[in-house]
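Please read them with the structure open.

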Amino acid sequence: MKYVFLGSFAVLAALSVVAGLWHPRQTDDRIELVWCTDDNPVRRGQIALFNELYPRYRLRIDPQNSGMQKVIVQSLAGVGPDLFDCYTGSQLVAYVRSGIAMDCTEALAERGIDIDAVWPCLKPLFVYEGRAYGHPDNANAYDIWYNKVLFDEAGEPYPSGDWTWDEFIEVAQRLTVRDERGRPVQFGFIGYWDYNAALAQWGADYYTPEGTRCVLDSPEAVAAIQFMQDLIYRYEVMPTPTEEMAMSSAGGWGTGVLGLFGAEKGAMALGGRWWLCLLRDEDYAHMRLGAVPLPHGPSRRQFGGGRATLVNATGQHIEGALTFMEYLHSKEWSQLVNRQADALGPVMKYHYGEYEDAFLHNPEHPEEDCNAEWRTALEDSVPLQVSSYVNGQTVERIMLVQLDLVKANLKPAAEAMRDAAEKINKAIVETLRIDPVLRDEYERAVAAGARPAWDDEEGAP
């Protein structure tokens with residue numbers, strides 16, 4: 001039997017030699033950089049510009065392995081990418097604690113990269129405990145999209161930039177249309193079920209200032225989520241999940257919020273500038289679009305965010321990855337992102353002064369006259385609050401379950417937020433039980449006056 005194995009090995013070895021001799025030699029002596037990111041079509045232009053500006057390198061993307069767990073596992077095994085994207089502060093914490101996000105603070109400074117030059121709401125995506133681990137790619141904050149065609153057909157004036165949610169509801173009710181059987185033909189508002197937008201404006205916080213306790217059961221948080229539920233079931237200006245599904249499955253109407261908005265089944269929608277990556281398609285040429293800032297509630301606060309790219313500490317080409325950070329900080333990058341409408345460029349100054357006209361007016365899309373509104377939205381944005389004492393993905397899962405019940409009208413807002421806060425606080429306790437280092441830090445914060453996640457000693461870790 002051993003001769004069979006030896007013979008098989010010899011054959012395979014010989015075939016490998018033949019394959020190696022047959023395979024064309026690599027004539028491209030550029031250093032290949034691998035970037036784990038999504039496969040948005042605008043990446044083609046972003047890659048091409050980098051390769052043109054930095055001919056020593058050849059950048060390619062790996063969209064198949066861009067999930068957080070895949071990136072961490074592959075990186076720890078020594079086969080991870082040189083660069084990978086980060087979308088939330090909680091993801092950044094996970095990458096840093098796993099040891100795969102490289103501390104670039106001094107390296108960025110040496111290259112003249114000022115991390116304070118980016119939109120402030122982006123800091124939690126790449127800065128943790130004062131140390132920088134990458135650089136933002138873009139910045140995004142929500143506005144209200146509106147379809148001028150539907151407003152004109154209804155004889156409704158276009159919304160102004162300074163309005164309240166009460167005024168918004170009145171407009172949305174006038175633009176909601178049902179047939180003689182009461183079935184929806186058009187809604188005044190169709191948008192993402194984005195509870196963070198409401199939480200921000202109603203002055204609600206996720207956690208106490210130290211991040212030691214979830215406070216989503218506060219009156220402010222309950223009022224915010226109650227308002228969202230009311231948009232559907234009290235004011236009836238937004239589809240129920242069943243109505244949304246029925247509209248999406250109807251002939252040619254498209255799917256999801258963008259599809260329904262593009263099919264003119266919603267006069268207004270909550271969305272970001274990056275929608276233009278799709279809305280510029282000829283399929284949506286029948287639309288005439290406008291955008292205005294969000295109506296304001298008790299406050300004008302809103303959460304902003306975006307996407308950052310981090311340097312892999314286990315990557316094979318650290319120098320090349322840092323060169324990519326220079327690229328993300330450059331004028332060329334921000335102006336490219338602005339032209340592509342991949343949200344807004346990450347560096348603030350390239351939207352003002354000598355660069356303002358190029359930002360406000362894209363000669364390829366002269367119909368887009370609301371770029372200033374997206375800039376204003378970012379000026380007013382603050383970072384989404386995260387806690388280092390709980391896994392961000394766990395928090396997201398808890399919130400999605402509770403908010404889906406509210407959206408389906410299967411649970412009152414107050415009960416959902418009470419249960420969400422309770423479950424998140426239990427998750428904090430579980431984290432402290434398995435992480436003694438984090439628990440020591442937590443106990444010091446509590447000793448200094450921070451509020452713990454438990455109400456009595458029985459709930460303590």
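**Notes on the pocket and helix contacts**

1. Helix 18 contributes the most to the lining of the largest pocket, supplying 8 residues. The model is a predicted one, and the pocket has a volume of about 1,400 Å³.

2. The lining of this pocket comprises 49 residues, and those closest to the centre are Tyr87, Thr88, Tyr142, Asp194 and Asn196. By class, the lining consists of 25 nonpolar, 15 polar and 9 charged residues.

3. Several elements each supply at least two lining residues: helix 4 (89-98), helix 6 (123-126), helix 9 (195-201) and helix 18 (392-407), along with strand 6 (134-140) and strand 12 (302-311).

4. Helix 18 also packs against helix 10 (residues 219-233), at an angle of about 35° and with the axes 9 Å apart. On the helix 10 side the contact involves Ile225, Gln229, Ile232 and Tyr233, while helix 18 brings Leu403, Val406 and Lys407. These residues divide into 5 nonpolar, 1 polar and 1 charged.

5. How far apart are the axes of helix 19 and helix 20? The axes of helix 19 (residues 413-434) and helix 20 (residues 436-447) lie 5 Å apart, at an angle of about 120°. Helix 19 is therefore oblique to helix 20.

6. Ile428, Thr431, Leu432 and Ile434 of helix 19 meet Pro436, Leu438, Arg439 and Tyr442 of helix 20. The contact of helix 19 with helix 20 has 6 nonpolar residues, 1 polar and 1 charged.

Definitions and conventions: Residues numbered from 1 in each chain as written. Predicted model: local features only at pLDDT ≥ 70, side-chain atom pairs only at ≥ 80, totals over all residues. Heavy atoms only, no water. 1 Å grid on protein atoms, 1.4 Å probe; cavity = no way out; pocket = protein on both sides within 12 Å on 5 of 7 lines; lining within 4 Å. Points joined across faces, edges and corners; volume = space filled by probe spheres on them. Helix = DSSP H or I, 4+ residues; strand = E, 2+ residues; numbered from the N terminus. Nonpolar A, V, L, I, M, F, W, Y, C, P; charged D, E, K, R; others polar. Axes fitted to C-alpha atoms, helices over the stretch in contact; angles between N-to-C directions. Parallel < 35°, antiparallel > 145°, perpendicular 65-115°, else oblique. Contact = heavy atoms within 4.5 Å.
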